[in-house]
Amino acid sequence: MIATKGYAAPVAKAPLAPFNFERREPGPHDVQFDILFCGVCHSDLHQVEDEWGHGIFPMVPGHEIVGRITKVGSHVKKFKVGDLAGVGCLVDSCRHCENCEEGLEQYCLNGVSPTYNGYEQDKKTPTFGGYSNLIVVHEDFALKVSEKLDLAAVAPLLCAGITTYSPLRHWKVGKGHKVAVLGLGGLGHMAVKFAVSFGAEVTMLSTSPSKKADAERLGAHKFLLTKDPESLKAARGSFDFIIDTVSAEHDYNQYLSLLRTNGVMICVGAPPTPAAVAAFSLIAGRKSLAGSMIGGIPETQEMLDYCAEHNIVSDIEVIKMDYIQEAYARMLKADVRYRFVIDMSTL
Ligand code: NAP
Ligand code: ZN
Ligand code: ZN
C-alpha cells in the first residue's frame, strides 16, 4: 500500500482537516500520478455536508484531478511516466452492462465507482478523491491531458466541463438555437463557453448583477437578471434550451415559462430538495424537463481534445489547501469567479 496525504471531512458537516490514508500499489493496468491541481466542485460541498444522504466518512472530496504520471503497470498502453493525466468523477464501472458498452459509464447499471464517496467495484473498498497528493487508477479511467493548456485551468474540465459539454452535444445544440444558461458558477461559465463555441445564441440568467460584464466576456450575447420580474416576463417563450446549473432550491416553473414550444430545460444542477413542477408548465407548449449527469470516458476525452483544439479552459482562482473552508463559504454566497482550484503543492 502507498501512504497518501489528503484533506478529509472526518464526519458529515465537519470542517476538512489533514488526513493520512493508503492507496493500492498500481496493478498491471493501473497508473499512479502525482496530483498537481484539483478543482472544487459544488458537489464536493453538497457531499461533505451530506445533503444528498448516504455519505461515506471520512470523505476526501475532489473529482477534477490533474497531474503527472509517476508509475505505470506492466500492461499499461495509454500512458508513460512523465505524461499528464486527468481523473474526473469516475474511477471504475462494471464495463459490461449496455451503458458501459456504449461508453456511458456514468450510467452504469451495476453501479459506477465514483472518484470519492463511493466504493471500488469490489463494493467494499472506499474511494478517496483528489484533495490528496497522489492517485492510483485503472488506465481506462484516466484521461489524456494536453501539454498546450494551463494545467490548473484544465482541472475543472474534468467535471464542470464534461457536465455541460455532454448535454449540449446530446441535444445537438448549435447554430440557430437560443440557449439560456441558468446560474453563473463553475458549471454555468463552462456552459456559456461551450454553447458559444458550438454557435448558439447564449443568454445568461443570473441572480448576480455584478456578473454581467463577466458573462459578456465569457461570450454570452445577452444577460438577464432573474430577480427582475419585468425582464423575466419579457423573456417568456424565447429559448430552445435552458441549461440549469443552480445548486440551491429554485422555482422550475418560472424558468420553464421561458422556453419556446418544444423547448427543453436540462437540469445539471442538483439541489438537495425536490422541486414542485406543475404539469401545466410542461403541457402548455409541449416542453421537456430533462437531466444529465457528467459524461462517459470517451466523451470526456473528446471534450478535453476539443478544448485543446479550441483553446478552452476554465476561469479559475488558484487557492491553497487550507483555504478550502473559505472557498466553500464563498461558493455558498455565489462568489466564485468561476472555479476554485487547489494547488496541491500546498497540501
Ligand atoms: P457553483 O459554482 O456554486 O454555481 C452555482 C450558481 O448557481 C451560483 O454561482 C449562482 O449563480 C447560482 N445560484 C446559487 N444559488 C442560487 C439560488 N438560490 N437561486 C438561483 N441561483 C442560484 O456550483 P457548480 O459547481 O457550478 O455546481 C452547480 C450544481 O451542479 C451543484 O448542485 C452541483 O452539485 C451540480 N453538479 C451536477 C453535475 C451533474 O453531473 N449533473 C456535475 C457537477 C455538479 P448566479 O450568481 O449567476 O445566480
Ligand atoms: Zn463535480
Ligand atoms: Zn456498467
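Begin by selecting Ala180, which stands opposite Ile242 in strand S13; helices (H or I, at least four residues) and strands (E, at least two) are DSSP runs, numbered from the N terminus. This is a predicted model, in which local features need pLDDT of at least 70 and side-chain atom pairs count only at pLDDT 80 or more, while totals for chains, interfaces and linings use all residues. Residues are numbered from 1 along each chain as its sequence is written, chains are lettered from A and ligands numbered from 1 in the order in which they are written, and side-chain values use heavy atoms, with hydrogens and water left out.

Before going further, colour the chain by pLDDT, the predictor's confidence in each residue, from 0 to 100. The chain average is 98, and 100% of the residues score at least 70. Among the elements of the chain, the lowest mean pLDDT, 94, belongs to helix H7 (residues 229-234), and the highest, 99, to helix H4 (residues 160-170).

**Strand S13 and its partners**

Now show S13 (residues 239-244) as a whole: six of its six residues are buried, so the strand is largely enclosed by the rest of the structure. Here buried means under 20% relative accessible area, exposed over 50%, and partly exposed in between (1.4 Å probe, protein chains only). S13 and strand S10 (residues 178-182) run parallel and are joined by four bridges; two strands pair if DSSP finds at least two bridges between them. Strand S14 (residues 259-267) also pairs with S13 in the parallel sense, over five bridges, and in this pairing Asp244 stands opposite Cys267.

**The loop between H1 and S4**

Select Asp50, which is found in the loop between H1 and S4 and has a positive phi of about 55° although it is not a glycine; its relative accessibility of 26% makes Asp50 partly exposed. Pro58 lies in the loop between H1 and S4 as well, and the peptide bond joining Phe57 and Pro58 is cis, with omega about -5°. Glu64, also in this loop, is buried at a relative accessible area of 0%, and its side chain reaches the backbone nitrogen of Ala160 at 3.0 Å.

**Ligand 1**

Finally, centre the view on ligand 1, which 30 residues surround, the closest being Ser206, Thr207, Ser208, Lys211 and Arg339; a residue belongs here if one of its heavy atoms lies within 4 Å of the ligand. A polar side-chain atom of Lys211 lies 2.7 Å from an oxygen atom of ligand 1, a backbone N or O atom of Val268 lies 2.9 Å from a nitrogen atom of the ligand, and a polar side-chain atom of Arg339 lies 2.6 Å from an oxygen atom of ligand 1. The protein covers 90% of the 930 Å² of accessible area that ligand 1 has on its own, areas being computed by the Shrake-Rupley method with a 1.4 Å probe. Helix H1 (42-48) and helix H5 (186-197) are the elements that give two or more residues to the shell around ligand 1, and H1 gives the most, with three residues.

Key:
Polar contact = N/O pair within 3.5 Å; in protein donor to acceptor, adjacent residues only side chain to side chain.
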